[in-house]
Structures are given as structure tokens and as C-alpha cells.
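Here are my notes on this model.

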Amino acid sequence: MEKFNVFASRLLPKEDYLCSGHRACQGCAEVLAMRLIHKALGRNTIVASATGCMEIISSPFPETAWNLPWMHVAFENAATVASGIESGYKALMRKGRIPQRKINFIAYGGDGATADIGLQWVSGAMERGHNMIYVCYDNEAYMNTGIQRSSSTPFGASTTTSPAGRESDGQATWKKNVTAIMAAHDIPYVATVNPSYPFDLFQKIRKAAAVDGPAYIHAYSCCPTGWRMRTDLAVQIGRLAVETAVAPLYEIENGKLRITQPIEKIRPVRDYLKIQGRFRHLKDTIIDDIETRLHQEYRALEARQAREQEEA
Amino acid sequence: MSVRRGVEVSIAVAEAAGFCDVDVVAAYPITPQTHIVEHLASLVADGHLDAEFVPVESEHAAMSACCGSAAAGARTFTATSSQGLALMHEVLFIAAALRLPMVMVVANRALSGPINIWNDHSDIMTERDVGWIALFAENGQEATDLVPICHRISEDPRVQLPVMLNFDGFIVSHMIEPIEQLSKEEIKTFLPDFAPVQRLDIDNPFTMGPVGMPNVYTEAKMAGEHAIRASYEPIVEIFKDFGDKFGRYYNPVESYRTDGADIIFVMMGAITETAMTWVDAQRDAGTKVGIVRFRLWRPLPADDFKKAVAGAKVLAILDRHFSPGGPGGPVAQEVKYTLYGTDNAPKIVEVVVGLGGRDVFPEDFDDIYKRAEAVLNGAPVPPFELTQVRGGHYGKI
């Protein structure tokens, strides 16, 4: 990876398929992740989008930021729409109605569309084995409707429906591990990505596109608006999320887990929390509890990786 | 060539979809539709039909997958009933707004609650505003013939809308009927290959389903309204072409023995067949009564209907659904809309019959006829009535 840092601008394709002119907020890491994902996938790609920030900001008729065939149907069903597109293409190619070509079918949903309202649809599409990629862009709340909590909101975060107050420390539940749920579908490829690590993201998307069958990508994406943070820290916070073990980067390829950005010494989680207004209210004891659990979770990932390496 | 054989209607309908060479079937099991998609799954499994069968995890997903498949430019088919149709509700509007050609068979069944798997029209009548073309078949032959007709209507470049084909659950879907089934070759002469006007294409990317702000939403709705109203002419033309090719002519509105009828019964679906038997007996006895039924329900063939009932003094309208606390049954509401303000408009007696699988017998028509006859003889028009209620309308149960 080190050598990539030097030649970064030459190693990513110049072409953009999610183009300038979209209406994303300043510092939005979702749209950054998406742009990188499409650099990796290239032009032979068809996109199905859930309702959400990325749909709203990229498609206000008569404008569009998409240089790809793109379709939006509803909130919960982007995975299923993509599975339908894939099935249609599969049948038409097999029957000789259209030429045989390698096309990437990709569906996007936010954390609400993936972890909450659309969990069934994503699960169904992954289980049925369609040759497609599902990407959850996780900004840890319903940002499009004004920062309401989802099941992917981290413990302690203050949102408009899990507000911190005299009787509340913010979100009272631990973040739902959707990546693990998707890995439990025994699909060929599952990975977490983060736009602050563009080459890690790029390689994982290329792998996801290459596998025969479904791939699930969980994209950690900060939302400065909803996280109450400075927009110029958008890339830095992605780095901090990995270094503090808040959002480790790993992949599960044919059931084998590999941590792609190993952490030698986990950074104090305070470094991550203190730059976000959504965690401003947290007491030291709660921060300590968060840190303990994050460490446990990261150690569990390491242990699984070591166990699987040993078995292999 | 087509042969006449005894077959369960669901199987004949599935065979017809197979002969239409559908590319994608996405479906979820629900009684009484299930035999249709089961048979399609076996056609695919046995190699008789080259299609992707997508066994989704809910009806909402079935309709979502159909949207994707139609947008890919594949000929798309699904079937559902009742709760399944209700679960699709959200996506139905979008399929029509995106102008996605597809055919959905609805074996009509009552909506919960209480949960009930038997026939009435509450499932389809609560979906009147979704923007789909909707047709009702009264028997298996018609249901089977309408499958290729629906695909051709849906895919016609002048139409490009999803089409819903309704017939009564169990009463039609599970009936074993003598059906003259068109062969694949015959259907091929009637139904050309699907040539989508627009598809998600990597060589010609476009954005499907964008955000419609207040500055364009009204225009988008108007475009949809124009599209479905303008589908009337192609529908009639396609009905005629089918008749010219295969000898069975279908019309948007059907009339039965309405010549000189003072009282006309108006209804949809399979009870028309019982009603025809009853009308034959009435006509033999010299009673001037006939039947008019809607085959095409959306777009509403208002002019055909007006012509069909011209001269009648009383219409007895049989609904299979009603709006609680509202203006009665949907067919009656829409007939009133059609006739309001016209000269010599007939009086309207509204009844709701056959809810949740309650059988409708010839004696029920006798009873309804008496009400209509009283109005014909000058009695005031009664309010809409839920008939067949033990203890009577608003009576003791």
C-alpha cells in the first residue's frame, strides 16, 4: 500500500460516473465513497438506488449526476430491484436477445434502508445468489429526514429520536452488525470499506465485481451535518474510525476473514468521539465502556482471522 | 393448433404465460394464485420455458424485482392475490409512473380481517388509483386469452404501462374448464418480441425514477393520466386483432340480453355467468332484464358503458367490495360518476354481494331484482345495501 500513496493520482481511473453538480453537503463521505466505487467499477455498470440522501442529491429531475443507467424505485427495495435487473439481463443474454457482456449490477442503500426498513429485501437478494453487489453507505442515522436514529446508530450518539438529555445518554443500543448478518448468508464476498482508504476500497470493489454471486459492501461514511463535526475533517475522521477500532476494515472472502488495515496499537476512542457534537454529552465512564467493547470486538476479529489462518 | 381440453384455469393461464415466452417471473406464494406460479416454476424446471424464475421473499419484493426486470427490457410476469397485492401497493404506483410494461394476474381474494382466503374484489378495488391498466375476466377461456392480450397491450409502444388481469379466486382460478389453449406458434403470430421503448442500457445511460420536485410532479402525473387514457384505442385495436386471428372477440364492456331491458344488472367477474343463467330464465318468462359487465376497468370505458345501458330505467349494481362509512361500492360509485348529469339517467339500486367467498345464487338475483322492480314502479331509491347478511342489513347478527 505504501507505494500507492506516492502515485495516488495515477492509480485511480480518471473517468467519473457520479459527476459534479450533485447536491451533497460539504464533507459528505458517502458521495466520496460512491465516486470511488464507480471509478473501480467502470462504465459497464447499472445502478439501483434506495430512497435516501444519495438518491435525492443525484437525481432532481431534469438534472442527474449519473453517467450510468440508474434506477430508483422505493426506499426498502433497491437490492430487489437490482436483482430484477440482473435476472432480466441474464435471461435476455441467455436467449440471445442482447449481446453477452459483463455488466456490474449494483444496489445502494443507506443504513436505514439496509439495517432497518430494507433488511428483508437485502437478505432475500443476497440469499438468492444474484450476481450483484449491494453497498450500504452507513452514516449511522436517517440523515435525509433529519438525523433520526437507526439500528446502525452507535451507542451513545445523540440523534433527533435518541436525543441526549437528563434521562438519556443518547442511543441506548449497540450498533447492529449488518456486515456479520450478511456474512451469515454465506455469500462469496463481504467487506467493509471507508473512503478515507481509497485503495483498500478500490481493491475490494474490484473483488466484489469479480466474484460469481452476491457481494456485500459496508461503506463507513461520515456525515458532518448529522455528526455535528467540521466538514474539513471528513477524511481524517474516516482514518480515526479505523485507528480507534470503531470501524475496522476487513473482508470475508469465501468465509475467510482478513483484516485489511490491521491496527498495531488501538488509538483512544476519545480522539474519535471528541470531534463530533453527537457524542459531546458522553460521560467518561460511558466512553470507557465504549472503548472496552470496541477493543473486545476488534480482538474477536483478530482471533477469528488467526484461527482461520491456522486452519488453512 | 389450439385444442380444447379440460384444464384447471390457473394451469391454463400459466401455460399461456409460458407460450408468451416470458423472460422473468418473480413471484411469492399466496392462495389462490399459487398454482399459477408453481406451474411456471415447473415449466422452467422442466426446460419448457427459458426464463428466470425469481423466488422472492415477499410480494413487495416480487413487484420490486418485476420493476427491475421490466426496466432491463425483459418480458415480465407475476401473479398475486389479496394481502400480496396490498403489500405491493407502494410499488404499484411506481411501476406505472416509470411506464414499465409487465403483466400481473390477480386471482381476486378478500382482504383481512378477518383473514379469509376466498373470493371478493376488495383486493383490486383498493388499488384503483395505482395507474395500471386493469381487466376482469369472467371465465377460464377469457382469462387464458387475455394473458397474451395483456402482454401486447402492456408492451405496445403507444401504451408502455403495466397491466393487471383479474379473475375470481377459486371460482375461476381453481375451476377445471374446457379451454381452447392457443399454441406458442399461434401466440407468436399475435404477440411480437418485446421491443422496449427505453431500457437500462450501458451504451445509452439514463436516469429512471428521479426526484420529482413540485415544479414537475403535477406534469408527471398528467403524463401518466394521458398515457392510461390514451391506451383505450390500442386496447380496442388489440382486442379486435385477437378476434380476427383467433375468432374470439372481446370488448371493453359486454352486454347480455339488454335489448329493450328496463332493468340492467351491472357487475364484474364470474358471477356474471350465474347471472346469465338467471337472465335466460327471466327472459323466457317475459321479464325485460339484461346484464352489462365491465371487462376493462382501467381506463374506465365510460362511453362504452353509457351506450350499453342506454334505454334502461333502473340499474342494479352488484359490488364485491365497499368503502366502510363511505359511498357504498366502487362499481356503483364509478357508474354514478359516469352517468351523473346525463339525460334520462337510470336510477341506481346498489347492493354488495359475495363478500369473502359467500356464494351468490340465482335466488340472490331474484331478491335484487325485486328491489330494482320496486324502484322501476316508483318506489324511492334505497340506500346502498350489504345483502346476504344474516339478520339483515344493519340487523341483528
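1. The second largest pocket holds about 710 Å³ of space. A pocket here is an open set of points on a 1 Å grid over the protein atoms alone, where a 1.4 Å probe fits, with protein on both sides within 12 Å along at least five of seven lines. The volume is the space filled by probe spheres set on the points.

2. This is a predicted model: local features need pLDDT of at least 70, side-chain atom pairs need 80 or more, and totals for chains, interfaces and linings use all residues. Residues are numbered from 1 along each chain, chains are lettered from A in the order written, and side-chain values use heavy atoms, without hydrogens or water.

3. The second largest pocket has 37 lining residues, each with an atom within 4 Å of a point. Nearest its centre lie A:K175, A:N177, A:V246, A:P248 and A:E297. Elements of chain A giving two or more residues to this lining include α8 (178-183), β7 (189-193) and α13 (284-311). The largest share comes from α13(A), with eight residues. By class, the lining has 25 nonpolar, five polar and seven charged residues.

4. In chain B, helix α1 (residues 9-19) packs on helix α2 (residues 34-45) at about 45°, axes 8 Å apart. That angle makes α1(B) oblique to α2(B). The crossing of α1(B) and α2(B) is right-handed.

5. Contact (heavy atoms within 4.5 Å) involves, among others, B:I11, B:A14 and B:G18 of α1(B) and B:I36, B:L40 and B:L43 of α2(B).

Definitions and conventions:
Helix = DSSP H or I, 4+ residues; strand = E, 2+ residues; numbered from the N terminus. Nonpolar A, V, L, I, M, F, W, Y, C, P; charged D, E, K, R; others polar. Axes fitted to C-alpha atoms, helices over the stretch in contact; angles between N-to-C directions. Parallel < 35°, antiparallel > 145°, perpendicular 65-115°, else oblique. Left-handed = near helix turned anticlockwise from the far one by under 90°.
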